[in-house]
Every structure is written in C-alpha cells, then in structure tokens.
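Subject: Structure handover

Hello,

The structure is below, followed by notes on what turned up in it. Please read the two together.

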Protein chains: 2
Amino acid sequence: MSFVSELDEKTAAIERLLTTYLPKEQGWAKTVMEAMNYSVMAGGKRLRPMLMSETYKMFGGSQREIEPFMAAIEMIHTYSLVHDDLPAMDNDEYRRGRKTTHIVYGEAMAILAGDGLLNYAFETALKAFEFDGADLKRCSRALAILAQKAGIYGMIGGQTADIEAENLGADVTEEHLLFIHEHKTAALIQAAMMIGAVMGGADDAQIDIVERAAYDIGIAFQIQDDILDVTSTLETLGKPIGSDEKNNKTTYVTLKGIEAASAQQKEMSSHAIELIEGLGSGGIRNDFLSELIRSLITRIK
Amino acid sequence: MSFVSELDEKTAAIERLLTTYLPKEQGWAKTVMEAMNYSVMAGGKRLRPMLMSETYKMFGGSQREIEPFMAAIEMIHTYSLVHDDLPAMDNDEYRRGRKTTHIVYGEAMAILAGDGLLNYAFETALKAFEFDGADLKRCSRALAILAQKAGIYGMIGGQTADIEAENLGADVTEEHLLFIHEHKTAALIQAAMMIGAVMGGADDAQIDIVERAAYDIGIAFQIQDDILDVTSTLETLGKPIGSDEKNNKTTYVTLKGIEAASAQQKEMSSHAIELIEGLGSGGIRNDFLSELIRSLITRIK
C-alpha cells in the first residue's frame, strides 16, 4: 500500500476511535457535549494520536490499552484550539474552513467545552487503567507525562509565553521563540510519542531518545507552519495566510529568513528520523513512522 | 479545643499545604503561575480539602498520600470560579472582597490560569502515585472519581445546565434546579469525601453511603447560599447580595419560599450527619466532621 493510502486509512481509524470515546449527547448538559464533539470532529491531521500509536507499535505494543491515551491527547489538542480561538485570545472565526466553536455555540459554551475536553481527556485516559491486566505503573507514568506536557511546564506554559511575546512585537528573541515552540507545539508531540514508548514497554534510555526526537519533530513542524503562513494560499491552508505579518508576530521566518528556516527545519526532521531509526535497530522497525515524520515538512497544509 | 479554634487551625494547615503544592513563579510562563497562585490564595473556607481529609481520617487514614488530592480538589474548585467570573460567564469583578483574576491579569491570562489550574490539579494528584508504597489501585480509583465528578457528568455538566437555565428565567423546574445543584455544587463535595473514603480504605458499601451523605451536604450547602443571597449583607458576604433576584435567577428560595427552603436544608444536613455517624459505628468516630457539616447550614458567609 502507498504511504498516502496507509495514512488515509489510519486517519479514518483514528476518527472512528474518537467517535467511540466522545460523550453521547444527552441530558441537561447536552449542549456542552455537542460543542465538544463539534470541536473534536472538525477534521485535522490526527497527528498526535497517530505518532503515539506508531511509536507504541515500534516498541512492540499491540493492545488496545493505548487507545484511551490516543483519544485523550486529541481532546487536549482540541481544547487548546477552542480556547485559543476565543475573542480574548486569537479571536478566530474560522478553523479548517469551519466556524469556530465560540461562533457556533457562544463564548460561554466554548469556554466550558474547552474545560470539558481537558477534563474528559483525563477521564478517558483513566479508562486504560481498567483494562484487564492493565500495568498500573506504566499507565500512571503515561498519564503523568500527559499532564506535565499539557500543563504550565508544557503547552500552557508555551501559550503564556506566546501571549507575552505579542506585547514585545519585533523584540522577541530567538531564545524566547524557541521556548514558545518547544512548549506550545513540541511538548504535546513529545507526550504523544513518549506515551507510546512507555505503554509499549520502552526503557528509560529509549524514552529519553524518543523525547529528543519528538522535540525536533515539534520544532520542525512549527517552522513549517511559519513557512506556510508566508507561502501558501487561503484555499490550501483553510485559514487566512499572512496572519503572522498582519499581527506583527515574530516567527522563524521573520527571524532567520525563509531559506535558513527551511534548512533548519529539514535538518531537525532528518535528525529526528535518525534517532527513531536508531531505536528500531534494537526493536521493531517502523517505516511508516519515518515516512510520517518526513511528510510533515513537505506538507502543504 | 473549641470547634472554631480547631477549624481555624485546620484551615491554616490546608493553606500551608496549598502553598507547598502550588507552582514556583518563574521562567517565561511566570505570569500564568502568578495568576494561578493569586486565584488559589484568595482565601475561602477550604471546605473540600477539609471534608476530604476528615473523611480520610474517619476511615483510619493517617498518611500524607491524601495531601496531593486535597490540593488538587481545591485547584479544581478555584479554576471553576476563575472561569465562572469571566465576562462571557458571570462577569464578576469581585470575589471574597478581592478583584477577580481577569480584572487583575486580563481575560486571556484568566482563561489560561483556569486551564492551568485544572491541568495542574491532575499533575498534583498524580504525585500521590509516587509515594513510597503507594496503593496504585486506590490512587487510580480516587483519580477517576475526581475526574468524573469535576467533568461533564459532574461540575461542568451542572455549569452547562445553569447557563441553559439563565435563558429560561422563571420557567426553570425544580428537577432542572436539582440537576444544577447536584452537579455544580454537590459533585465536587462528593468527590472530596469519596476520595477521602477510598484512600482511607473504605469498602464499596461505605463509599456509596459517603456519596449519598455528600449529596445531601452539597444541596444543603447550596440552599444556604441561596438563603444568604436574600438575607445577608454585602459586608458579611464579601459580594453583592440580591444578585439572584437581579439576574432573575430561579433558586430554592424563589421556588419554595425561604421557610420551606430552610426546613429542607436542615433536614438534609441532619440526614447527612446520621449517615456519617452510622459509618462511624463500624470505624472511627469523627466528631469534628459532624460539627463541620452542622456548621455549614448555620454559616453566615
């Protein structure tokens, strides 16, 4: 099967998995559930659950116990988008060509839907603990990684630094920008791959290598976002281009120029693949995973 | 020692405990940490951690493994207040006589501080899993209770139903109002006491009784809130009175009248104490806990 067909098939499988884990819309609190489901089922690459599942397989994992974590990380990614889009934050009306959650359900319900998704991510991940023969040590380690990488020492920390950077305009340093990307983008990709590794039975040294590779993938992914904001079109990207320049936002492209940014992104991506393929020599190769990482820097949306 | 001195001492101990678990304010994400700490250290009765700790002791618990859960539940309670106070929700500028988080730190940072506290609550509770000799089964059961009672099937569900009720004005039914109070208020009190019971080693039947007692306590607590909104003063309550009437809000008092509401609240409180003292006969009595529950319906703020 071609990489693209395999990617499509795996994406569809993750969509089905998400549907089974999302709440049934019922009762007095039905509206928040609708808003949550609307937000999660708005499409997207499903990159984080896919990286998690592929890393899990690379370490020999073959059970369904990874699934609650796959659903959980996509819920956390989604809640961060719902809250990011709010009027007090980025004030975005469209995402992936659809109206954002607060436009459809109102601001109060969008705040609650974000809270609901973050909380439900933990409820969902905790279901892995109830599987027959669940390894509670692995499960609790995986959950601690999820919580840490999503929180103030991870994604929320990056989001905070990003908001602070807005007031600095062109005075944002490369160090500050790296902190933002490491935490806002890379942290959740690290969580995805590290949880796959932990649940698949990786040892501490292997988990460290996965964490480093995921850092490179996260930063390279973010640089590609910055590049696409300059080079893409509204139709391809599904959101307005040139928004970074309009918002006077410091990015890799504004700091380094597009050629240097592009070179750095390719180097980080290659380095990540080297690290991952080095792991494969002691375990199971996962060619799809390498191809997936490679595809992230050639993507056009 | 008198009940009041003991209450003050225990409240002070919980304040110290919270301080040790809250994040150190540092780094690029310092502002969100400041906003989180400002929100949690704004005072308050610390009722949920206290009920948790006292229930834990009633079942013979005497370890520090309960502390991460005590801090976690207060973080969750606080995040719900921070998001409730936002302009898109209740738009409150003052709470407990202090400016609310979004007034001091701005709306974007208040949204992030709420997200940060909810996420950090799980990070904090997960520290209980790392204690020497931690019982991972008990810990994961306690964490699942926390997640469930705080989420869309608990507190967030109640908050959603409450927002829906605002559009109904005087058409809110008693059933709808009970759903709101059960979920918005009682659920987190249930979580507090059930986690205390689980971590203290209670069996399933005992945990069920604790859940029922906490339901009564939660509803009685909420009715007292509704009564105080009519009978108290700004100075005593630390927030404007008469806000329910102003907002055309259906409450126990508007539905039943103040006398019937007061009678129902006393009955529920007595019932809760009966249930709790019945448990004591098979375990350790906790007179302070009974006195604490009694104090909630005689409180004036």
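Two residues are in contact here if their C-beta atoms, placed from the backbone, lie within 7 Å. This is a predicted model: local features need pLDDT of at least 70, side-chain atom pairs count only at pLDDT 80 or more, and totals for chains, interfaces and linings use all residues. Residues are numbered from 1 along each chain as its sequence is written, while chains are lettered from A and ligands numbered from 1 in the order in which they are written.

Contacts of one residue

Leaving aside neighbours within four places in sequence, B:Leu279 is in contact with B:Met58, B:Gln206 and B:Ile209. B:Leu279 belongs to helix α14 (residues 258-280) of chain B; helices (H or I, at least four residues) and strands (E, at least two) are DSSP runs numbered from the N terminus. B:Leu279 counts as buried because it has 23 C-beta neighbours inside 10 Å. The cut-offs are 20 or more other C-beta atoms within 10 Å of a residue's own for buried, 12 or fewer for exposed, and partly exposed in between, again with C-beta atoms placed from the backbone.

Confidence and overall fold

The model scores ipTM 0.96 and pTM 0.96. Chain A has 15 helices and 2 strands. Its C-alpha atoms fill a box of roughly 55 × 50 × 35 Å along the principal axes. Of the 301 residues of chain A, 50% count as buried. Among contacts in chain A with a separation of 6 or more, 73% are between residues 24 or more positions apart.

The two chains

Chain B can be laid on chain A with an RMSD of 0.0 Å by a turn of 180 degrees and a shift of 0.0 Å along the axis. The two copies are therefore related as by a two-fold rotation axis. The superposition is by least squares on the C-alpha atoms of residues with pLDDT of at least 70 in both copies.

In the interface, 43 residues of chain B are in contact with 43 residues of chain A. On the chain B side, α2 (30-40), α6 (107-125), α7 (136-150), α8 (155-166) and α9 (174-200) each give two or more residues, and α6(B) provides the largest share, 12 residues. As 100% of the interface residues of chain B are also interface residues in chain A, the copies meet through the same surface.

α7(B) has 15 residues and spans 21 Å from its first C-alpha to its last, close to the 21 Å expected (1.5 Å times one less than the number of residues). Its buried residues, including B:Cys139, B:Leu143 and B:Leu146, pack against α6 (107-125) and α7 (136-150) of chain A, and against α4 (67-84), α6, α8 and α9 of chain B.

Backbone angles

Most residues other than glycine have a negative phi. A:Asn91 is not a glycine, yet has a positive phi of about 55 degrees. A:Asn91 sits in the loop between α4 (67-84) and β1 (94-95) of chain A and counts as exposed, with 11 C-beta neighbours inside 10 Å. B:Arg46 also has a positive phi, near 55 degrees. B:Arg46 is in the loop between α2 and α3 (47-58) of chain B and is buried, with 22 other C-beta atoms within 10 Å.

Regards
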